[in-house]
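Good morning, and thank you for making time for this item. I would like to present one structure, with attention to strand pairing and aromatic contacts.

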Amino acid sequence: TIVGPATALGFTSVTTTLSFPDQPTGSMQIVVQESGEEDYEVWFVNNNFESDTLVAARNPVQFEAAFTSIATGTYTLYVRDALGCEVEQEVIISIDPEVFVPNIFTPNNDGVNEQFYVRNLPSSGSKLSITNRWGKEVFSSGNYSPENLWDGGGSPDGVYYYRLQISGGDTYTGWVEILRGSRP
């Protein structure tokens with residue numbers, strides 16, 4: 001007697017979200033195409049040996065698995081049923097291309113969030129002007145880039161206003177707060 005699954009194992013759907021280029025913010029939501037041989041183990045692997053494994057959980061209708069905090073890249077997604085049948089599928093987590101301008105940074109020498117870092121800023125050609133609340137310019141750069149970031153300089157904690165003109169693109173205006181915090 002040969003025992004086999006009642007139906008074909010696979011993926012009913014795989015939904016992904018974008019990830020920031022510098023932080024693993026992507027996700028995968030998987031719905032398993034059931035073979036009738038529960039439990040279903042779901043995992044993924046990429047070329048950098050990043051991986052994660054879950055046992056798919058049944059919601060009232062279907063088996064699902066969700067992975068979060070995934071970096072951009074190409075992954076091989078696997079599902080295996082209780083009989084050892086296994087299916088794989090390639091999944092791509094794409095880069096979120098949107099420019100993101102933060103509204104706070106903390107230049108307090110703790111190594112985290114030390115500069116006014118604009119996500120997805122072009123490598124050159126952007127113009128940035130920072131003024132205090134009275135309109136006095138405290139920082140200016142005709143070539144603002146990830147290699148030339150504002151660290152707050154000698155400006156005190158508080159709210160500052162920016163005008164950022166992306167090279168060949170949009171202009172962003174708004175405010176940013178410097179928060180160094182108290183030192184022990």
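Predicted model: local features only at pLDDT ≥ 70, side-chain atom pairs only at ≥ 80, totals over all residues.

Let me begin with Phe105, which stands opposite Ile178 in S13. Strand S13 covers residues 171-178 and is joined to S9 by 2 bridges, the two strands running parallel. Strands here are DSSP runs of E of at least two residues, helices being runs of H or I of at least four, numbered from the N terminus; two strands pair if DSSP finds at least two bridges between them.

Residues are numbered from 1 along each chain as its sequence is written, and side-chain values use heavy atoms, with hydrogens and water left out.

S13 also pairs with S12, in the antiparallel sense and over 8 bridges. Gln165 has Thr171 in S13 as its bridge partner. The two strands form a hairpin with 5 residues between them, and Gly168 in the turn has a positive phi of about 70°.

I turn now to the aromatic residues. Which residues do ring pairs link into a cluster? They are Phe105, Phe116, Phe139, Tyr144, Trp150, Tyr160 and Tyr162. Rings of Phe, Tyr and Trp (its six-membered ring) pair if their centres lie within 6.5 Å; planes under 30 degrees apart are stacked, over 60 edge-to-face, and the rest tilted.

Across the whole structure, a search finds 12 aromatic pairs. Phe116 and Tyr162 are a tilted pair, because their ring centres are 5.7 Å apart and their planes lie at 50°. This pair links distant parts of the chain, 46 residues apart: Phe116 is in the loop between strands S9 (104-105) and S10 (126-131), and Tyr162 is in S12. Phe116 is buried at 0% relative accessible area, and Tyr162 is buried at 11%; buried means under 20%, exposed over 50%, and partly exposed in between, with a 1.4 Å probe and protein chains only.

Trp150 and Tyr160 form an edge-to-face pair, 5.9 Å centre to centre with 80° between the planes. Trp150 lies in the loop between S11 (137-144) and S12, and Tyr160 in S12, so the pair ties together parts 10 residues apart in sequence. Trp150 is buried at 2% relative accessibility, as is Tyr160 at 4%.

Finally, Tyr161 lies in S12, residues 158-165. At 39% relative accessibility, Tyr161 counts as partly exposed.
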